[in-house]
Amino acid sequence: MKYHFNDIEAKWRKYWEENQTFKAENQSDKPKYYVLDMFPYPSGAGLHVGHPLGYIASDIYARYKRHKGFNVLHPMGYDSFGLPAEQYAIQTGQHPAITTETNINRYREQLDRIGFSFDWSREVRTSNPDYYKWTQWIFTELFHSWYNKDSDKAEPIESLITRFTNEGNEGVNAVCDENIVPFTAEMWNAYDEVQQQKKLLQYRLTYLAETEVNWCPALGTVLANDEIVNGVSERGGHPVVRKKMKQWSMRITAYAQRLLDGLNQIDWPQPLKDSQTNWIGRSQGAAVSFKVQSSRFKVDVFTTRPDTIFGASFMTLAPEHELVEKITTPEQKEAVEAYIEQTAKRSERERMADVKTISGVFTGAYAEHPFSKEPIPIWIGDYVLASYGTGAVMAVPCGDERDYAFAKHFNIPIPNIFDQDISENAFTEKEGFTIVNSDFLNGLGYKEAIKKAIEELEKIGQGTGKINYRLRDAVFSRQRYWGEPFPVYYVNGLPKTIDPEHLPVQLPEVEKYLPTEDGQPPLGRADVWAWDAEKCTVVSNELVDNKNIFPLELNTMPGWAGSSWYLFRYMDANNNEEFASPDALDYWQNVDLYIGGSEHATGHLLYSRFWTKFLYDRGFLKVDEPFKKLINQGMILGESAFVYRMDYRLALSWNPDSKENNEKKYKQNTFFISKNLVEDYQKINGEDFFNEYKDSILSPFKDVLIKNDNDVLRISFNLIGYTPIHTDVSLVDISNKLDIEAFRDWREEYKNAIFILDNGEIYDPNSPSLGGGRGEDFTVSREVEKMSKSKYNVVNPDDICDQYGADTLRMYEMFLGPLEQAKPWNMAGITGVHSFLKKFWKLYCDDNGLVVTDTPASKDSLKTLHKTIKKVAEDIENFSFNTSVSTFMIAVNELTAQKCNSREVLEPLLVLISPYAPHIAEELWDKLGQTNSISTAPFPEFDASHLVESSKEYPISFNGKMRFTLELPLDLSKEEIEKEVMAHEKTQHYLEGRAPKKVIIIPGKIVNIVG
């Protein structure tokens, strides 16, 4: 009975699907355990072998927890809104929904092949209206909430309206817009509805505001910071500029401190916690106001070093700061505007990363120092960001390296307020100095000076102590079609939300998926995109001027909207009445184990924590953190293959009187050289190379050469070097030999390529006389790098499943190395894992069928089993899956050597391996006569007694040289050990009748006979 893995795996996939083996119940007497993977965006390329790594790890853990008696929820779905499908729609006209459905079907087919224990009855897709109905509902709840600093939580907007009605806004301690104008209850009650709604917009947790955004003209949309790489869009590499737009934003800043504090309650990797800590960026210092001379304006700054205020010799505003236009003098206007235009082409991340470039422009305006009243020049510079702090800095060049470099570059004075030398560099320490040249701060140290400076600023009303956060409110608008529509319509220019009972507001049909000609988002192309507030339905735009018909929002929500709460939808995925029932939410609580990439640290993971805390505040959840434990899986790297192209210049010319034009250009042959020869050929000069391979180099020109054989031919040949070119890894075998014919057929430009083989011979398939033939010895080079289509190093998991089976793929991916580390994919290693599974199969079956018997197990076999139980359980609990695979290999080798065929050992061994290789485990479990899926079997109990040694194999040495071994009971005394050893026939043989001088015995260790 052979191991026909393809048939076995197909059989059990069908069984699991038909029997819904992994369907979780929302109520159970078992303890719950919720395992979740970061759900994928379904791209057209499908999965490569790097994608399933985290899914396999989470699946092993989910299956293990089922064996341990837990009610396990392990769902899967798709983050199915996204820019790639929209870009494809723009290029082809195909609706993104069709593209997305096609891609999802491909993903599902691939995921099923690998044997994951997902509960597919709970599948979610963020682009389905029955899902984004609840994303829209959460948005409306945010819109109708405000953040009360006194209670430190979000509350319904109705409670704020009640306070305004009774007290006005005096005493309201809220997270809100800056520069709120005070009003009394009488004033509030006298406002009309438009005025009241404008006031409330200043407090709502989601609001409209003019915001600096990353605008990508080519894509026609705003991009998040994590969608920009090196100043261009991640998708397509298009330029990105900074510009102001009216956008929806969310007050995530209200939760800044709670997001920081919550990191102490969750089991996440420390580097990821550090990323969020730095992104939130808590700092303590002072808010200071500088009056702008000869104007009504003031510049507000936040500084962590108010002790250095007397060292401020200039101020720098972000180029996009709202004051720049208002305070710039006419003389400086042209220079300032040119600089702003130049800066808008750089992303914030690019500006932050560029610490070498020093640039800026003087506005012509001056601020007044709060204490000395001296004028301070106001500059703009791109090292200051509008999104960080107030968008302005009090520049103290003697205490800050960047300010120091800026001042030196623009010849700005650098007053020294430290009793330290600053002739070469700024002094940036916080200890070991005394303040000088600073009026009332003279003689004070760091801490005392900060305290005193804040006291004095508060006295004159130009500053106060403050805690600041780097975190900015999250822009929540995208100018795209393929995203969640906002449940918002506009009355007199002010937003109103659509009542929950009328959700979802579904995406309309549009003719094209591009922005409109006048710059509106793609939804501006919809003919039916207005809201009838009386009938509560979407109607034609042509009716907007009618009573109760209003325009709908044209932007859509960002990609992180649907992914911020999907974990809760899985708990009750088919509920049409609420986003999840209270019973389901109470039972599952939050995710016990979350596995995904670290690249989402300051995006999805932060926003999900924000939304969870909001829903907790409003009483919809009983937990305020979404993910208890998080593991960032490492990346499986591709092993790219490179061929070396020879780069050369060849010029042919004849006499000016020739029948051919002088120096007429002809298509040159492309030469590739074996990796084994590259080092040698780097030393060869062009003339020698040309002479050696002249016939092949000139073969494209043979007709021309023949026709002009009576003319004087001049040949100029210059060997430039060698360029490594990516080639498809499927064209290379495991010994790194290139299939030359397949390579020539792969790309049109390589169809006539010539190859210099490992032995230096030429292989020119076009000219048999020049070495035509099979060409079997052409070696490529290998390099480990990110697995990517563009590098032609992608390995399709379908191919592995076809050739070796899904169980082999699962075990091999775990065997590659620790889960959290990056590791290279290598096809050479997968055959070893496949051979192991075939050997494992032979423990149970031979050519004639099942060989397992009810014979009691030997002591050695029980020992092998129980040390395996102990090690595998420890490894799974510690997520050390790679060492478990090694443990299984050792166990199978030992049991094979022991000729073990005992059910007592082999049956529990199946349960141990089933999380890793579920298909083979199910098949053998079935052959052993079990009627239920192995997934329901209890995990074997470890019995330490089987590991207790009752005997010891003693090395018996003569004069320090070991001659043989002797197994003796461990409880023997020294005298008894000596008696047994001396009576042994081998002892007598080596003593040759002599009496030993001494017998050295260390019980449990050694016996040494001194002759």
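In this predicted model, helix 25 (797-803) and helix 27 each contribute at least two residues to the lining of the second largest pocket. The points below begin with that pocket, then turn to a helix pair, a cavity, several loops and the confidence of the prediction.

**The second largest pocket**
- The space in the second largest pocket amounts to about 520 Å³.
- Its lining consists of 22 residues; those nearest the centre of the pocket are Val 729, Val 732, Arg 782, Val 795 and Met 827.
- Sorted by class, the lining of this pocket comprises ten nonpolar, seven polar and five charged residues.

**Helix 27 and helix 31**
- Helix 27 spans residues 827-844 and helix 31 spans residues 918-927; their axes come within 11 Å of each other and cross at roughly 10°.
- Because angles under 35 degrees count as roughly parallel, helix 27 is described as roughly parallel to helix 31.
- On the side of helix 27, the contact is formed by Leu 837, Phe 840, Trp 841 and Tyr 844; helix 31 contributes Ile 920, Glu 923, Leu 924 and Lys 927.
- This contact between helix 27 and helix 31 contains six nonpolar residues, two charged residues and no polar ones.

**The cavity**
- The model has one cavity of 30 Å³ or more.
- About 50 Å³ of space lies within the largest cavity.
- The residues lining the largest cavity are Phe 81, Gly 82 and Leu 83, together with Arg 480, Trp 482, Gly 483, Glu 484, Met 557, Pro 558 and Gly 559.
- By class, five residues of this lining are nonpolar, three are polar and two are charged.

**Loop residues and backbone geometry**
- Ser 788 is placed in the loop that runs between strand 31 (781-786) and helix 25.
- Leaving aside residues up to four places away in sequence, Ser 788 touches Asn 793 and Val 794.
- From C-alpha to C-alpha, Ser 788 lies 54 Å from Pro 415, and the two are separated by 373 residues in sequence.
- Leu 503 and Pro 504 are joined by a cis peptide bond, with omega at about 5°.
- Pro 504 belongs to the loop between strand 20 (494-497) and strand 21 (530-532).
- Phe 879 has a phi near 60°, which is a positive value in a residue other than glycine.
- The loop that holds Phe 879 lies between helix 28 (859-877) and helix 29 (881-897).

**Confidence of the prediction**
- The chain has a mean pLDDT of 91, and 95% of its residues reach 70 or more.
- Residues 658-666 have pLDDT below 50; the model gives this stretch 19 contacts beyond near neighbours in sequence.
- Over residues 770-775 pLDDT likewise stays under 50, and the model has 19 contacts for this stretch beyond four places in sequence.

Note on methods
Residues numbered from 1 in each chain as written. Predicted model: local features only at pLDDT ≥ 70, side-chain atom pairs only at ≥ 80, totals over all residues. Heavy atoms only, no water. pLDDT = per-residue confidence, 0-100. Contact = heavy atoms within 4.5 Å. Axes fitted to C-alpha atoms, helices over the stretch in contact; angles between N-to-C directions. Helix = DSSP H or I, 4+ residues; strand = E, 2+ residues; numbered from the N terminus. Parallel < 35°, antiparallel > 145°, perpendicular 65-115°, else oblique. Nonpolar A, V, L, I, M, F, W, Y, C, P; charged D, E, K, R; others polar. 1 Å grid on protein atoms, 1.4 Å probe; cavity = no way out; pocket = protein on both sides within 12 Å on 5 of 7 lines; lining within 4 Å. Points joined across faces, edges and corners; volume = space filled by probe spheres on them.
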